[in-house]
Amino acid sequence: MKAAVLREYDAPLAIEDVPEPTPPEHGVVVDVEACGVCRSDWHAWKGHGEWADDAVERGQVLGHEPAGRVAAVGERVTEWAVGDRVAVPFSLGDGTCEHCVTGHGNRCSDGYALGFEAAVPGAFAERVAVPHADYNLAALPDALSARDAAALGCRYATAFNGLVERASVGPGDRVAVHGCGGVGLSAVQIAAARGATVVAVDVHEEPLALAADLGAAELVDASGDGGPASTAAAVRELTDGGAHVSVDALGRAETCRNSVRSLRRGGTHVQIGLTTDAEAGEVALPTDAMTRNELDWVGARGLSPTDYPALLRFVAGAAVDPGALVTREVSLEAVPARLAAMDDYETAGVEVVTEF
Ligand SMILES: [Zn+2]
Ligand SMILES: [Zn+2]
């Protein structure tokens, strides 16, 4: 079958013929109908993460935001049958550790990151194997297309985890979102649908316009001369003293600190973006102010498979349209070029592979 393979960092992904996957006894093989193209793929392709010994190995099939149909089932799988429509979380649990059984499979101590490690080749491919399928897979409602379901993972799912599960955003909250790429725009839509008033921050016009379309009440263009202090001050002014919840949806030192400085007393910063080579995984923070103002700082990575039903209920119940985030449908062959386009932040919204 065809797949997009990381052969060398920062060189175009290779479109290759690779062996067909077979289902592990506790897993399934999914026919991929759609798979989102994500900044996490870009980080992997660039070889980021070496400072944490976390760089993705050469030879990896990338792609971690698939939806499709079950094509083959392992002998110990009880919940799924050939033909079932499914969404596949990228943070896959083993279903048995203390984190999995308490509803935090995204923190699994023996988990898998689909498309980022050799044990779980990714979904920039015609088919993908999914381990521990009974624990990990989510059934797609008829109303949700594979394309729109692909737009849910991992960005939408991570934003849902950060805002809803970790920060309990609700009606009346003021929410700031720093960085309006895919995960930031997802955060804007989710927060607005939860009844919060959203301030969206970015340095480019197009993402800000998309944020407004998705429900942001106020926009801050952070590209001006005023620097970080003025960005945070603008957010605090627009939120009547600071945001209850502020999200760093990009993962740069500046967006992280801007987000923390955007908070009102007692507020919660949600870190979603992972850092780049420049930060190497560490960002200096205003800890005295965080202490005096009793700020919370929480991280969010993916969404537990056990929380996918809640996410799908939210999408149906709040009548939000994750498909509205999709700005482009592309073929598998186009993935190398679409990743390269992320170098200069030329992409906006969510791009989805729909042709394999
Ligand atoms: Zn586990
Ligand atoms: Zn992703």
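Reader: Where does Val247 sit?
Author: Val247 has its place in strand β13. Helices (H or I, at least four residues) and strands (E, at least two) are DSSP runs, numbered from the N terminus.

Reader: Is this an experimental structure or a prediction?
Author: This is a predicted model, where local features need pLDDT of at least 70, side-chain atom pairs count only at pLDDT 80 or more, and totals for chains, interfaces and linings use all residues. Residues are numbered from 1 along each chain as its sequence is written, chains are lettered from A and ligands numbered from 1 in the order in which they are written, and side-chain values use heavy atoms, leaving out hydrogens and water.

Reader: Ok. Why does Val247 count as buried?
Author: Because its relative accessibility is 0%. Buried means under 20% relative accessible area, exposed over 50%, and partly exposed in between (1.4 Å probe, protein chains only).

Reader: What does Val247 touch?
Author: Leu163, Ala176, Val177, His178, Ser259, Val270 and Ile272, leaving aside residues up to four places away in sequence. Contact means heavy atoms within 4.5 Å.

Reader: And how far is Val247 from Thr268?
Author: They are 21 residues apart in sequence. In space, C-alpha to C-alpha, they are 8.5 Å apart.

Reader: Switching to the largest nonpolar core. Which residues touch the most other members?
Author: Tyr156 and Leu163, out of 55 residues in that core. A nonpolar core is a set of buried Ala, Val, Leu, Ile, Met, Phe, Trp, Tyr and Cys residues joined through side-chain atoms within 4.5 Å.

Reader: Which element gives the most to this core?
Author: α4, with 11 residues. The elements that give two or more include α4 (146-166), β10 (174-178), α5 and β13 (243-248).

Reader: What's around Tyr156?
Author: Its contacts include Ser186, Gln189, Ile190, Leu311, Phe314 and Pro322, again not counting residues up to four places away in sequence. Another core lies apart, with 38 residues, among them Ala4, Val30, Val88 and Met342.

Reader: Now α6. Which residues are buried there?
Author: Pro207, Leu208, Leu210 and Ala211, in a helix that covers residues 205-213. Seen down the axis of α6, the buried residues fall within an arc of 160°, so they line one face of the helix. The arc is that of the directions from the helix axis to the C-beta atoms.

Reader: What's on the face turned away?
Author: The exposed residues Glu205, Glu206 and Asp213.

Reader: And what do the buried ones pack against?
Author: α5 (182-193), β11 (197-202), β12 (218-221) and β16 (326-331). After α6 comes Gly215, with a positive phi near 120°.

Reader: What volume has the largest cavity?
Author: About 60 Å³. Grid points are joined across faces, edges and corners, and a volume is the space filled by probe spheres set on the points. α4 gives the most to the lining, with 4 residues.

Reader: And the second largest pocket, what volume?
Author: About 270 Å³. Its lining has 22 residues, with Met1, Pro19, Pro21, Pro121 and Ala129 nearest its centre. β8 supplies the largest share, 4 residues.

Note on methods. On a 1 Å grid over the protein atoms alone, a cavity is a set of points where a 1.4 Å probe fits but cannot get out, and a pocket is an open set with protein on both sides within 12 Å along at least five of seven lines; lining residues have an atom within 4 Å of a point.
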